[in-house]
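Open the model in your viewer and keep the selection panel to hand. The tour below goes from helix pairs to pockets.

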Amino acid sequence: MSTKNNDNQNISHGNIPKHIAIIMDGNGRWAKKRLLPRIAGHKAGMNNVKKITSYANKIGVKVLTLYAFSTENWKRPTDEVDYLMHLPVNFFDQFMPDLIAENVKVQVMGFTDELPSYTLNAVTRAQEQTKNNTGLILNFALNYGSRREIVQAAKAIALSVKQGELDVDQITEATLQSHLMTHNLSELADPDLLIRTSGEERLSNFLLWQLAYSEMVFTDEYWPDFDATSLNRAINEYQKRHRRYGGLVEK
């Protein structure tokens with residue numbers, strides 16, 4: 001699917017989702033369809049991250065959270081995992097000048113202390129180099145798993161109770177939210193829109209708490225084929241919906 005010159009014609013700029021989360025799925029199948037090795041799909045997917053980030057920033061998205069590597073992805077073949085761990089290094093080597101020029105701020109969430117040193121060094125440098133940028137926040141979920149995130153938050157809260165710093169009756173949804181990895185996004189912690197590519201329709205342990213009231217759009221396109229027109233189509237679908245949060249909204 002090609003991007004049209006006026007690829008933002010079908011969306012209302014008064015109702016752009018502030019926080020979009022994407023499960024970038026289908027790189028391997030994209031490559032297989034073209035008789036290419038899986039790593040070719042991951043490389044194409046990496047290049048697409050830059051294109052979608054640039055366009056999302058252009059239309060006024062505030063946060064773009066991308067599911068880059070899950071805590072379960074370590075089960076993949078060693079050579080594929082090794083390639084995936086080098087992708088952040090390659091991505092920031094290639095695109096850091098563009099991200100800085102476009103005022104994009106890089107953030108990373110996940111169990112980053114378990115990443116190889118070269119991966120951790122790359123994402124740490126990227127965060128440092130863009131920390132003063134004020135445009136779109138490009139938030140990578142890297143070695144991230146939502147159930148483990150929630151367990152970690154529960155343990156931290158339990159420890160506060162044990163140490164007498166917090167009373168059980170003081171624990172609220174806001175308490176748990178403040179211990180999640182998205183807490184530094186403040187009021188933008190919960191995505192307005194979740195997109196998953198490749199035809200799969202499940203969350204795969206991604207932002208289980210944060211997606212409680214998010215609108216969801218699933219597309220058959222593989223991630224490397226997902227372009228600005230595809231994003232507009234998802235946003236257009238989002239804009240047709242009425243977010244009621246359990247209540248009633250007059251049309």
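Within what distance do the axes of α3 and helix α4 come, and at roughly what angle do they cross? Select α3 and residues 117–130, which form α4: the axes come within 9 Å and cross at roughly 20°. Here axes are lines fitted to C-alpha atoms, for helices over the stretch in contact, and angles run from 0 to 180 degrees between N-to-C directions. Helices (H or I, at least four residues) and strands (E, at least two) are DSSP runs, numbered from the N terminus.

Before going on, note that this is a predicted model, in which local features need pLDDT of at least 70 and side-chain atom pairs count only at pLDDT 80 or more, while totals for chains, interfaces and linings use all residues. Residues are numbered from 1 along each chain as its sequence is written, and side-chain values use heavy atoms, with hydrogens and water left out.

**α3 and α4**

The two helices α3 and α4 are therefore roughly parallel to each other (angles under 35 degrees count as roughly parallel, over 145 as roughly antiparallel, 65 to 115 as roughly perpendicular and the rest as oblique). Their crossing is left-handed (the near helix is turned anticlockwise from the far one by less than a right angle; clockwise is right-handed). Show side chains at the contact (heavy atoms within 4.5 Å): the α3 side includes Met85, Phe92 and Ile100, and the α4 side includes Tyr118, Ala122 and Gln129. By class, this contact of α3 with α4 has 10 nonpolar, four polar and one charged residues (Ala, Val, Leu, Ile, Met, Phe, Trp, Tyr, Cys and Pro count as nonpolar, Asp, Glu, Lys and Arg as charged, and the others, Gly among them, as polar).

**α2 and α3**

The contact of α2 with α3 divides into nine nonpolar, five polar and five charged residues.

**α2 and α7**

Now select residues 38–59 (α2) with residues 228–240 (α7), which pack at an angle of about 50° with axes 10 Å apart. α2 and α7 are therefore oblique to each other. Ile52, Tyr55, Ala56 and Ile59 of α2 make the contact with Ala228, Leu231, Asn232 and Ile235 of α7. Seven of these residues are nonpolar, one is polar and none is charged.

**Pockets**

Next, centre on Met24, Tyr67, Ala68, Phe69 and Asn73, which lie nearest the centre of the largest pocket among its 32 lining residues. On a 1 Å grid over the protein atoms alone, a pocket is an open set of points where a 1.4 Å probe fits, with protein on both sides within 12 Å along at least five of seven lines; lining residues have an atom within 4 Å of a point. The volume of the largest pocket is about 690 Å³. Elements giving two or more residues to its lining are α1 (27–33), α2, β2 (63–70), α3 (78–101) and β4 (137–144).

Last, go to Asp190, Trp209, Gln210, Ala212 and Tyr213, nearest the centre of the second largest pocket, which 16 residues line.

Note on methods:
Grid points are joined across faces, edges and corners, and a volume is the space filled by probe spheres set on the points.
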